[in-house]
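Hi everyone, thanks for coming. Let me put the structure up, and then I'll walk you through the fold.

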Amino acid sequence: MGTRAHRAGGGVSPLLESLKAGFEALPTAALEAGRLGLLRRAALASALHDGLPSSRSERWKYTSLRAFERRSFALAVPCSNDGALLDLPALADIPAPRLVFVNGCFDNALSQTDGLPEGIELRPLSAVLRNESAKPLTLLSRRFEAADETFARLNAALALDGALLRVAAGVHAQAPLHLVFLATPAGSDLAWHLRNQIELGAGSRVCVVEHHLAAAGHRHLINAITQVEIHQAAELCHARVQDEAPTASLFQRSDVELATGAQYRRLDLELGAGLSRHELNVALRGAGASLVANGVLLADGKRHLDTRLGIQHLCGDTSSELTWRGLGAAMGRAVFHGGITIHKGADGSSATLSNKNLLLSADAEIDTQPVLEIHADEIKAAHGATVGQLDPAALFYMRSRGLPLDDARRLLTVAFCREPLSAVLDSALAATLSAQMDRRLHASGAL
């Protein structure tokens, strides 16, 4: 290809070389599907030219990839799963309708889409790419120009599957729709790249739950981008549960656009993976658009967890409310960047960010950076971040009422993590997510 894969510190990156080799081994039909061959090759060449981002990039300042870039991965290629994993406990509590992907491949046997309401289209990207008459997919034709967007460009080059959800105007779905991304051990460390798209027509309403789960321990690389478009007066509730294997590497990006009067309520539970980075970018483009985006970050063991928010108020009378809670336990490290920009012309907007963190171990580390930029008039904005320990006064009060110290710590820690779940208005779904979070907290030893 006439390019050279560079390491963040110079030289050749084994990681990028392995992905390049996987790309070159892909069948021509897979590369050219959707007439995307030229775009895929250009995206890969650009990623190889710039290499992986280093700490010299402000956006990657607290997340070093030096050890990660020395690893190699085999590219997971299109496959057909035979349903042998049907009885996996990981799927037992996930109802239909659901779309299931195993190691980056759509699994028809595990998926259940019967009974979808009229006006809702839910299907895998791979099925669309196999349609020879399909027009070039704008979903995969997006270009990522920033030098540190290497993972996004790798996704543009290598994404072969993902979930496509389209909701017609005026459709209201009663039951949540589930997107399940399941990782299982394989003969080698695999890498797969997923591109998802969620589009809501005007006045529609739906709830989506995105599950990232592991059937057992593995060391795979997952690189996923989810693009969300919410049209005029539509409402989307979106819960994302990341509970990957403690040795997995996960890079995710969510890009969201809100039209006039659109509402987006989102909850992120970051509970798994050894190295995890999630970028949430939301553009409020229409007047009256509103965002509630909350999250819980659990950095336990030796996990490194990096979350970066980029909220853009581009029109007047828009609102954003962000409530994030972080826990640092054992030798874990959490990195949080909460960026809000109120652009010129976005007068009358309101924005609030609260990021509170608990250090439960002397060896844990939490870095938080709230950033608020205002270029408009007559706005309401507030942001704040704290890092501390459990309130001694609250502990004393509970112990004075007869609670043992461990029970008091447990109750306060659980209560600390519950507030972000208010983003989910469906009480049954909120209870399910709360129970899953509590189980993970207990398993982590943080309680």
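So, the chain has nine helices and 20 strands, where helices (H or I, at least four residues) and strands (E, at least two) are DSSP runs numbered from the N terminus. Please keep in mind that this is a predicted model: local features need pLDDT of at least 70, side-chain atom pairs count only at pLDDT 80 or more, and totals for chains, interfaces and linings use all residues. Residues are numbered from 1 along each chain as its sequence is written, and side-chain values use heavy atoms, with hydrogens and water left out.

Now the sheet. Ten strands make an open, mixed sheet, ordered E3-E2-E6-E8-E10-E12-E14-E16-E18-E20; two strands pair if DSSP finds at least two bridges between them. At the edges sit E3 (105–106) and E20 (380–388), each pairing on one side only.

Let's zoom in on one pair. E16 (residues 319–328) and E18 (residues 350–359) are parallel, with ten bridges, and Thr323 has Ser354 in E18 as its bridge partner.

What lies across E14, E16 and E18? That's helix H8 (residues 405–418), running at about 155° to E16. Axes here are lines fitted to C-alpha atoms, for helices over the stretch in contact (heavy atoms within 4.5 Å), and angles run from 0 to 180 degrees between N-to-C directions. Helix H9 (residues 427–444) also packs on the sheet, touching E8, E10, E12, E14 and E16, at about 20° to E10.

Finally, the whole chain: its C-alpha trace spans about 70 × 45 × 45 Å along the principal axes. Of the contacts with a separation of 6 or more, 84% join residues 24 or more positions apart. Thanks, folks!
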